[in-house]
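Subject: Structure handover and findings

Dear colleague,

Please find below the structure that I am handing over to you. I would be grateful if you could read the notes with the model open beside them.

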Amino acid sequence: MLGGIGSPMIPSSLKTSLIIPSSSSSHPSKRSSRSLSLSASLPKYPPASKIFIRNLSYSTTESSLIKAFSRFGKILDFELVKDEGTKKSKGYGFIQYPCLDDAILAIEGMDHKNLDGRVVSVEIAKIKRNSFGAYPVASGPPVQPRS
């Protein structure tokens, strides 16, 4: 089956792994192949399904955070950010839901609500910026070598 003029449709079974033939040999039986995984470049969950909770009480525990937010959907991952030295909450955390709908329900249900004695703020977590897309760090113009 063709997906356009001269372009084959990729079956759903091959969407996560493609076999790329080596160009060293043109005979099909003598080709070596390597596997290219596309799943490494795709996020596991939609980025907008992760929420950021701020203004948490310093006495908030992981179990109380999970208990408060699990009523909006299945929690796949969570992080209550803690101080390395004291191991106490820094007052913010993250929760990962499987879909955007659950994250929106959690925002609507918990934003500006009381949790462990404090009014919390809940929003969609911002995607981390990696250093690949950032400007290079420089301390000035390049120095010309002295001859």
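Predicted model: local features only at pLDDT ≥ 70, side-chain atom pairs only at ≥ 80, totals over all residues.

Residues are numbered from 1 along each chain as its sequence is written, and side-chain values use heavy atoms, with hydrogens and water left out.

Helix H1

Helices (H or I, at least four residues) and strands (E, at least two) are DSSP runs, numbered from the N terminus. Helix H1 spans residues 62–69, and Ser64, Leu65, Ala68 and Phe69 are buried in it (buried means under 20% relative accessible area, exposed over 50%, and partly exposed in between, with a 1.4 Å probe and protein chains only). These residues lie on the same side of H1 because they cover an arc of only 120° around the axis, the arc being that of the directions from the helix axis to the C-beta atoms. Ser63 and Lys67, on the other side of H1, are exposed.

The buried residues of H1 pack against strands S5 (50–54), S6 (77–82), S7 (89–96), S8 (113–115) and S9 (118–124), and also against helix H2 (100–110).

Leaving aside neighbours within four places in sequence, Phe69 is in contact (heavy atoms within 4.5 Å) with Ile51, Ile53, Ile75, Ile95, Tyr97, Ala106, Met110, Leu115 and Val122. Phe69 and Tyr97 are 28 residues apart along the chain, and their C-alpha atoms are separated by 9.9 Å.

The largest nonpolar core has 18 residues, and those with the most contacts inside it are Ile51, Ile53, Phe69, Ile95, Tyr97, Leu115 and Val122. Two or more residues of this core come from each of S5, H1, H2 and S9, and H2 gives the largest share, four residues. A nonpolar core is here a set of buried Ala, Val, Leu, Ile, Met, Phe, Trp, Tyr and Cys residues joined through side-chain atoms within 4.5 Å.

Ser49

Ser49 is found in the loop between strand S4 (33–37) and S5. At 0% relative accessibility, Ser49 is buried. The side chain of Ser49 makes a polar contact with the side chain of Gln96 at 2.6 Å, and the Ser49 side chain also reaches the backbone oxygen of Tyr97 at 2.9 Å. A polar contact is a pair of N or O atoms within 3.5 Å; within protein, one must be able to donate a hydrogen and the other to accept it, and residues adjacent in sequence count only if both atoms are side-chain atoms. Leaving aside neighbours within four places in sequence, the residues in contact with Ser49 are Ile95, Gln96, Tyr97, Pro98, Cys99, Leu100 and Ala103.

Positive phi angles

His112 is not a glycine, yet has a positive phi of about 65°. This residue, His112, sits in the loop between H2 and S8 and is exposed, at 59% relative accessibility. Asp116, likewise not a glycine, has a positive phi of about 55°. Asp116 lies in the loop between S8 and S9 and is partly exposed, with a relative accessible area of 38%.

Salt bridges

The structure holds three salt bridges, each a side-chain nitrogen of Lys or Arg within 4 Å of a carboxyl oxygen of Asp or Glu. Arg54 pairs with Glu123, the closest N and O atoms being 2.6 Å apart. Arg54 lies in strand S5 and Glu123 in strand S9, so this pair ties together parts that are 69 residues apart in sequence. Arg54 is partly exposed at 36% relative accessibility, and Glu123 is partly exposed at 23%.

Glu123 also forms a salt bridge with Lys126, at 3.5 Å between the closest N and O atoms; Lys126 is exposed, with a relative accessible area of 70%.

Lys82 forms a salt bridge with Glu62, their closest N and O atoms being 3.8 Å apart. This pair links distant parts of the chain, with Lys82 in strand S6 and Glu62 in helix H1, 20 residues apart. Lys82 is partly exposed at 36% relative accessibility, as is Glu62 at 33%.

With kind regards
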